[in-house]
Amino acid sequence: MAGVLAGGVLLDGCLPHSTSPSATLAPSLIPQPAASLPQVAIAQAASYDFPLVRRQVESLLSSLGGVQDIVKTGDKVAIKVNLVGGVKGNVPPRGTTAPESWVTHPIVARAVGELLRDAGAKEIYIVDSVWEWASFEDWGYVSMAKDLGATLVDLNGTDPYSDYASLPVGKDWFIYERFQLNHLIEEVDAFVSVGKMKCHYLLGITQSMKNLIGIAPFKFYELKPGDGYRTGFHGTATETKERLPRVVMDLNRARPINLSLIDGIKTVDGSEGPWNNDLHALSPGLLIGGKNPVATDAVAVAAMGFDPATEYPKPPFLRADNHLNIARQLGLGTNRLADIEILGPTLNDIQMKFEPAW
């Protein structure tokens, strides 16, 4: 695999899970007994061949104890994918497609959807606030949803309801006390975030927690009508560093994630999409999943060669506070690798050096 570190050399700030910690580790970095640690599983897949991806997603979820604690017979489930940017004017790196570079691949969403259906889910919804319906059509989601027996929902609108829900964040909210969202986000029994492993120009990383930016309808979160994206989440240029990561925390408390799965089979580095410069195609060949999104995102960040507990302005958090640190402080989970049990290949085996969004 191109770009994987040779000779088992570990990237700065990244530790593999081990049941026998190296004597060179500082005492504060030695993992605690596995039973007390959140688990994050890593699986490998060299391509988006569906039987391969389904088999690897099933293995990943089985190593986490299955999904019986998430999905019960007859449940309604939403799978939030990341279809950012839209199809108009966005050209992927040469030799790739959008799902092979900056958006969630429909094969990964289908694999997790089938396994949730097999576990008892009665209704499955594939959701995002898409830039246009063509994102579902051109990126393979219409045919995938048909094969899966799932329903596609553009969260910008109210369908299949007549109005929007108002979801509270709870006490100690940062920026928004509540969000206006499609009722489906409130009513599903299980909420799954299937994000893309990649960097982000403003927030530093994408993964599963930041993926929740896309549950919010554009029109309610613009600084001024017609901006075309959620400028209110960013705030003014001087506000973004502190505001954007805390909006992500507000969203994750308004609608907690029950299962995270990160598509790192093929992706890009340099930034989050072709609207930024220096975008390069990468093939890490990875799927990373867990039931705690903070820990899951932390392992994905480490797999990209970054320290998930570092702070602004160190890479990849060049323009905003590290929202994973904020999540840990809120008690939502841990982003400290020594406090996470990694199942499957070690970070030593699978790390690939990503370039941040300089």
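Me: In what order do the eight strands of the open sheet come?
Reply: This is a predicted model, where local features need pLDDT of at least 70, side-chain atom pairs count only at pLDDT 80 or more, and totals for chains, interfaces and linings use all residues. Residues are numbered from 1 along each chain as its sequence is written, and side-chain values use heavy atoms, leaving out hydrogens and water. Strands (E, at least two residues) and helices (H or I, at least four) are DSSP runs numbered from the N terminus, and strands pair if DSSP finds at least two bridges between them. The pairing here is mixed, and the order is S4-S3-S2-S7-S10-S13-S1-S14.

Me: Which strands are the edge strands?
Reply: Look for strands that pair on one side only. That gives you S4 (151-154) and S14 (341-343).

Me: By how many degrees are neighbouring strands of this sheet turned against each other on average?
Reply: Axes are lines fitted to C-alpha atoms (for helices, over the stretch in contact), and angles between N-to-C directions run from 0 to 180 degrees. For this average, though, direction is ignored. The answer is 20°.

Me: Which residue in S14 does valine 40 stand opposite?
Reply: Strand S1 (residues 39-44) pairs with S14 in the parallel sense, over three bridges. Valine 40's opposite number in S14 is isoleucine 342.

Me: Which strands does H2 touch as it packs on the sheet?
Reply: The direction of H2 makes about 165° with that of S2. Contact means heavy atoms within 4.5 Å. The strands touched by H2 are S2, S3 (123-128), S7 (190-196), S10 (259-264) and S13 (286-290).

Me: At about what angle to S3 does H4 run?
Reply: H4 lies across S2, S3 and S4. Its angle to S3 is about 165°.

Me: Are H2 and H4 roughly parallel or roughly antiparallel to each other?
Reply: The axes of H2 (residues 106-118) and H4 (residues 141-148) come within 10 Å and cross at roughly 15°. Angles under 35 degrees count as roughly parallel, over 145 as roughly antiparallel, 65 to 115 as roughly perpendicular and the rest as oblique. So H2 and H4 are roughly parallel.

Me: Which residues of H4 make the contact with H2?
Reply: From the H2 side come Pro106, Ala109, Arg110, Gly113, Glu114 and Arg117. Their partners in H4 are Tyr141, Met144, Asp147 and Leu148.

Me: How many residues of the contact of H2 with H4 are nonpolar?
Reply: Ala, Val, Leu, Ile, Met, Phe, Trp, Tyr, Cys and Pro count as nonpolar, Asp, Glu, Lys and Arg as charged, and the others, Gly among them, as polar. One residue of this contact is polar and four are charged. The nonpolar ones number five.

Me: Is the crossing of H1 and H2 left-handed or right-handed?
Reply: The axes of H1 (residues 50-63) and H2 come within 9 Å and cross at roughly 55°, so these helices are oblique to each other. A crossing is left-handed if the near helix is turned anticlockwise from the far one by less than a right angle, and right-handed if clockwise. This crossing is right-handed.

Me: At what distance does threonine 96's side chain reach the backbone oxygen of proline 93?
Reply: Threonine 96 sits in the loop between S2 (76-81) and H2. Skipping neighbours within four places in sequence, threonine 96 is in contact with Ser101 and Ala281. Its side chain reaches proline 93's backbone oxygen at 2.7 Å.

Note on methods
Polar contact = N/O pair within 3.5 Å; in protein donor to acceptor, adjacent residues only side chain to side chain.
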